[in-house]
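This briefing concerns a protein model with its sequence and coordinates shown below. Selected local features are grouped by topic.

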Amino acid sequence: MLDCTPKKIIKRTGGMINPAKTCQPIGAMYAALGIHNCLPHSHGSQGCCAYHRSHLTRHFREPVMATTSSFTEGASVFGGGGNLKTAIKNVFAIYDPDIMAVHTTCLSETIGDDIPTIIKGAEVPEGKLVIHANTPSYQGSHITGFSNMVKGMVAYLAEATTDEKKEQVNIIPGFVNPGDMREIKRLAGKMGIRFIMFPDTSGVLDSPMTGKFEMFPAGGAKVEDIRDSGNSKLTIALGYYASSDAAHLLERNCRVPAITLKTPIGIKATDELLMTLRSKFVQEIPYELEEERGQLVDVITDNHHHFYGKKVALFGDPDILTGLTEFVLSLGMRPVHVLTGTPSGTLGGPQGIFEKEIKEMLAAAGLEGRVKAAGDLFELHQWIKNEPVDLLMGNTYGKYIARAEDLPFVRVGFPILDRGVHPYMPIVGYRGAMRLVEMISSALLDRQDRDAADEDFELVM
Amino acid sequence: MAINEKMIEEILNKYPAKVKRNRKKHIVIRDSARENQEIEANTRTIPGIVTNRGCAFAGCKGVVLGPLKDMVHIVHGPIGCAYYSWLTRRNKAKTDDPKKNFLAYCVSTDMQESDIVFGGEKKLARMIDEVVEIFKPNAITISATCPVGLIGDDIQAVAKAARAKHGLNITAYSCEGYKGVSQSAGHHIANNGLMENIVGEGDWEEPPSKYTINILGEYNIGGDSWEVERVLNEIGYEVQVVMTGNGSYEKLKNAHVAQLNLVQCHRSINYIADMLEKKYGTPWLKVNFIGIRATIESLRNMALYFGDEALIKRTEEVIEKELAEIEPQLEPYKKICSGKTAFCFVGGSRGHHYQGLYEELGITTVLAGYEFAHRDDYEGRDVLPHIKSDADSKNIPDLHVTPDERRYRLKIPVERMEELQKKIPLSNYKGMIKDMMDGSIVVDDLNHYETEEFIRILKPDIFSSGIKDKYIPQKMGIPTKQLHNYDYSGPYAGFRGAINFARDVAMGFATPTWNFIVPPWKDKPLLEGSIEQCSDDTCVEEVGA
């Protein structure tokens with residue numbers, strides 16, 4: 001497995017080998033699916049749309065609906081305005097969504113199609129909406145695309161209609177699973193605070209089997225709620241990369257203060273989310289959540305001998321990784337390699353924030369490690385060859401490295417293509433952290449069981 | 001329930017007028033009384049229709065080039081195209097030397113904004129250098145993606161310079177996603193490139209054995225070609241190269257020595273099949289190794305082509321042995337499957353190939369179609385002279401080959417060829433429609449709306465298609481079977497493949513999950529009544545019943 005990957009690292013500048021990221025539009029498509037009655041639309045040639053739908057479907061094992069402008073060579077040279085206008089007409093006539101959310105690809109971005117002007121000239125039925133986001137595939141990653149589409153939601157929909165802000169909080173959950181979104185909503189609900197979450201793919205990409213196919217499932221953030229987000233007292237952006245740009249746009253447009261927090265993975269990040277809600281809305285943390293937290297601490301203490309001091313390599317999307325790194329540190333593990341494919345800093349944002357944040361966490365724990373943004377899995381594999389680890393955590397693509405190096409492996413992040421059920425199960429909040437502890441412990445103990453000589457094979461561990 | 005013209009008209013009425021006119025031509029009800037039923041195919045996709053189609057890049061790199069295992073396939077573009085075609089198509093491969101199998105690697109120039117602005121040629125050249133240094137592959141391909149054509153990167157020139165620099169077969173494929181109207185354009189572009197740059201590069205002049213063949217248009221999905229090769233080897237054939245499942249540069253470069261080319265997927269590889277015939281004089285035989293009867297027929301046709309008594313005898317012996325092995329296994333599955341109906345909508349060849357296998361299980365195909373096949377795949381190659389190329393596909397170049405002065409050999413005499421052509425599909429393909437049952441429906445570029453409508457009317461028992469539509473019928477309680485990736489099972493080809501397929505399809509029907517869709521509280525009354533002892537007849541009644 002991966003026998004062609006040498007231990008010796010040479011400097012590479014020609015591109016990526018085995019990327020730890022993909023391109024913007026899939027993130028935009030995912031975000032758009034988090035609006036109720038919305039049909040995502042890919043303005044480019046149809047291959048992108050087919051790939052993005054397929055890939056999301058493989059991760060969620062759910063239908064993923066989206067349309068495309070289906071560029072031909074003619075449109076690629078002379079502009080895709082006609083294609084988009086035709087698409088808008090056909091989409092509303094045939095599929096009748098309440099809203100179309102258009103994103104772009106490297107094709108339409110390179111030729112410079114002016115989407116707002118095209119939309120203005122299109123036949124949009126009364127009461128229907130078309131919003132858009134520019135998502136050039138040659139900038140950032142799928143996370144950038146998610147962020148851009150959420151910005152598009154704010155730009156087109158959010159309005160400040162009242163002078164006084166309402167006692168409600170906007171939560172932008174970031175590029176996480178529907179199971180995570182449900183968990184974040186549960187936490188906010190337990191705090192007794194009215195909230196607007198957008199995008200929200202719960203009820204869309206984890207929809208039930210009822211014997212009937214719903215093109216637009218019951219879930220998704222309602223357009224009127226996204227509009228009303230301009231009247232909220234606060235926006236909490238979970239994850240700097242996926243969520244904070246939209247929150248700041250909402251702050252500029254509607255004067256809703258924005259706070260960026262880590263994706264609430266682990267004890268500290270979940271504490272921070274609850275403490276922020278507690279202080280901004282003057283609400284006590286209910287006993288139920290305190291109990292959950294205590295259970296989590298109990299579980300970690302009970303099982304610390306499974307994972308304490310173990311070396312771990314982590315890869316994936318930056319927001320997930322900052323939460324996850326903090327969490328494995330709080331377990332007493334040693335994250336020696338941390339790598340994301342997403343370049344540091346969102347567009348126009350500060351550079352180097354990912355590396356800086358992770359390195360600070362490591363330093364605070366008295367550790368050193370290799371940390372890289374805009375890295376790839378080929379390099380991560382080489383790092384592991386040079387400094388072996390006890391555990392690998394990341395998306396499905398990590399299974400090749402895990403097999404090559406015979407490493408215990410925990411699947412976490414996007415995409416997970418080779419296992420089911422995971423989109424339903426949160427990794428956020430105290431409950432999600434407990435699940436992570438179970439996954440990490442099981443991976444390490446399964447390995448210990450497998451490797452043990454008969455006389456060392458243990459009943460109780 | 002059968003479908004009629006009026007029902008189709010009603011379905012189409014939902015469309016805007018222009019869409020309706022267009023789609024009408026892509027839908028045909030099979031009627032054997034009408035000799036040449038025409039269908040429109042290989043035309044541009046309607047924007048906003050929810051097509052299942054992909055692009056030329058997918059057809060070129062994803063389908064044809066990608067499976068070639070000892071070559072590194074560099075994707076020149078932003079990251080997505082390389083990423084999505086990385087290990088997602090199940091073209092299996094193994095090599096004796098594990099350092100010569102690059103299929104688990106995804107190599108992309110990961111173009112950034114500056115590459116779009118200033119051009120990406122230098123970065124591509126650097127990537128080639130790095131690939132040569134790290135991997136030392138037997139050859140390298142470069143595939144273009146959408147923006148490459150627009151910004152004017154000359155990938156052919158970069159490949160040429162790299163070829164000179166590294167002394168390695170490095171070739172470029174201008175398969176930008178917007179070319180043509182579907183994956184099909186990419187097949188053509190890949191065929192041209194392989195024929196021009198690789199096939200015939202080897203120095204073999206004679207075939208290594210008496211019955212040397214190539215298998216064309218077979219991508220070893222789930223191990224299909226290994227199962228086919230197992231049987232062929234047992235009969236006594238030697239497979240020079242499979243194009244391109246488990247294929248390699250090393251094998252492909254001597255593909256010209258074969259005495260016969262088998263064509264499994266006509267759509268993706270008929271260009272090379274034709275060119276091999278023109279250049280080297282090697283005829284091709286349309287085969288189908290999906291289904292037991294089709295496999296047997298293909299084996300017999302091959303034997304007939306070579307016309308050797310010993311080979312014919314050996315063929316029958318192997319068929320008999322294989323049948324004895326599989327027939328008892330098939331029976332329990334047939335019991336589960338028999339009497340059911342299927343939709344069969346797949347890319348450009350399986351929509352046809354799987355109908356026979358379904359039939360053998362007792363399953364009738366009531367709707368079939370292709371995403372991106374051409375009229376000849378539907379109607380047969382006789383229609384080729386009548387196909388007009390339209391503006392969207394005209395720009396895909398045809399490669400014109402001439403007989404190779406040194407290597408051209410007539411493999412069989414002209415008269416024998418003509419005689420054989422009356423009996424077997426030698427250098428010919430009759431298409432899908434003729435094999436379909438009267439009243440069944442043929443749909444080209446089936447979209448989501450039509451999928452729902454046809455399901456509503458025809459109520460199929462199984463829906464076989466791809467990943468994008470798999471979960472749609474499943475939500476409705478209809479079993480699905482992916483015929484692109486076999487739902488991660490396989491092989492489905494050949495004799496043993498038929499058993500695997502039967503097992504998987506039967507499992508789809510028999511899995512208990514379908515019984516749980518409706519919760520018990522949906523069909524049971526809310527209030528449970530009890531029968532009380534009563535003297536009066538009128539009170540013997542269940543409350544809420």
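**A loop residue of chain B**

B:Ser209 is located in the chain B loop that runs between α9 (183–197) and β6. The model is a predicted one. With a relative accessible area of 21%, B:Ser209 is partly exposed.

- Leaving aside residues up to four places away in sequence, B:Ser209 touches B:Glu238 and B:Gln259.
- B:Ser209 and B:Glu238 are separated by 29 residues in sequence, yet their C-alpha atoms are 6.7 Å apart in space.

**Helix α10 of chain B**

- Helix α10 of chain B covers residues 224–235, and at 1.5 Å a residue its 12 residues should span 16 Å; the end C-alpha atoms are 17 Å apart, which agrees with that expectation.
- The buried residues of α10(B) are B:Asp224, B:Ser225, B:Glu227, B:Val228, B:Glu229, B:Val231, B:Leu232 and B:Ile235.
- After α10(B) comes B:Gly236, which has a positive phi near 125 degrees.

**Packing of α6 and α8 in chain B**

- Two packed helices are described by the angle between their axes and the distance between the axes.
- For helix α6 (residues 121–135) and helix α8 (residues 155–166) of chain B, the axes come within 10 Å and cross at roughly 35 degrees.
- The crossing of α6(B) past α8(B) is right-handed.
- On the α6(B) side, the contact is made by B:Glu121, B:Leu124, B:Ala125, B:Ile128, B:Asp129 and B:Val132, while α8(B) contributes B:Ile155, B:Val158, B:Ala162, B:Lys165 and B:His166.
- By class, the residues of the contact between α6(B) and α8(B) comprise seven nonpolar, one polar and three charged.

**The five-stranded sheet of chain A**

- An open sheet of five strands in chain A has the order β12-β11-β10-β13-β14, with parallel pairing.
- From one strand to the next, the twist averages 15 degrees.
- Strands β10 (residues 311–316) and β11 (residues 334–340) of chain A pair in the parallel sense over six bridges, and A:Lys311 has A:Arg334 of β11(A) as its bridge partner.
- Helix α16 (residues 398–405) of chain A packs on this sheet, where it touches β10, β13 (391–394) and β14 of chain A; the helix direction makes about 170 degrees with that of β14(A).

**Strand β6 of chain A and its partners**

- Strand β6 (residues 166–172) of chain A is largely enclosed by the rest of the structure, because five of its seven residues are buried.
- β6(A) runs parallel to strand β8 (residues 232–238) of chain A, and five bridges join the two; A:Val169 has A:Leu234 of β8(A) as its bridge partner.
- β6(A) also pairs with β7(A) in the parallel sense, over four bridges, and A:Gln168 stands opposite A:Arg194 of β7(A).

**A buried glutamate in chain A**

- A:Glu379 belongs to helix α15 (residues 377–386) of chain A.
- Its relative accessibility is 14%, so A:Glu379 counts as buried.
- A:Glu379 touches A:Arg12 and A:Lys372, with residues up to four places away in sequence not counted.

**Backbone geometry: cis peptides**

- The peptide bond from A:Phe198 to A:Pro199 is cis, and its omega is near -15 degrees. A:Pro199 sits in the chain A loop between β7 (194–197) and α9 (223–228).
- A cis peptide bond also leads from B:Met243 to B:Thr244, with omega near 0 degrees. B:Thr244 is part of strand β7 of chain B.

**Backbone geometry: positive phi outside glycine**

- A:Val421 is not a glycine but has a positive phi of about 75 degrees. A:Val421 lies in the loop between β14 and α17 (429–451) of chain A, and its relative accessibility of 56% means that it counts as exposed.
- B:Tyr488, also a residue other than glycine, has a positive phi near 65 degrees. B:Tyr488 is placed in the loop between β14 (480–482) and α20 of chain B, and is partly exposed, with a relative accessible area of 48%.

Key: Residues are numbered from 1 along each chain as its sequence is written. Chains are lettered from A and ligands numbered from 1 in the order in which they are written. This is a predicted model: local features need pLDDT of at least 70, side-chain atom pairs count only at pLDDT 80 or more; totals for chains, interfaces and linings use all residues. Side-chain values use heavy atoms; hydrogens and water are left out. The expected span of a helix is 1.5 Å times one less than its number of residues. Buried means under 20% relative accessible area, exposed over 50%, partly exposed in between (1.4 Å probe, protein chains only). Two strands pair if DSSP finds at least two bridges between them. Axes are lines fitted to C-alpha atoms, for helices over the stretch in contact, and angles run from 0 to 180 degrees between N-to-C directions. Contact means heavy atoms within 4.5 Å. A crossing is left-handed if the near helix is turned anticlockwise from the far one by less than a right angle, and right-handed if clockwise. Ala, Val, Leu, Ile, Met, Phe, Trp, Tyr, Cys and Pro count as nonpolar, Asp, Glu, Lys and Arg as charged, and the others, Gly among them, as polar.
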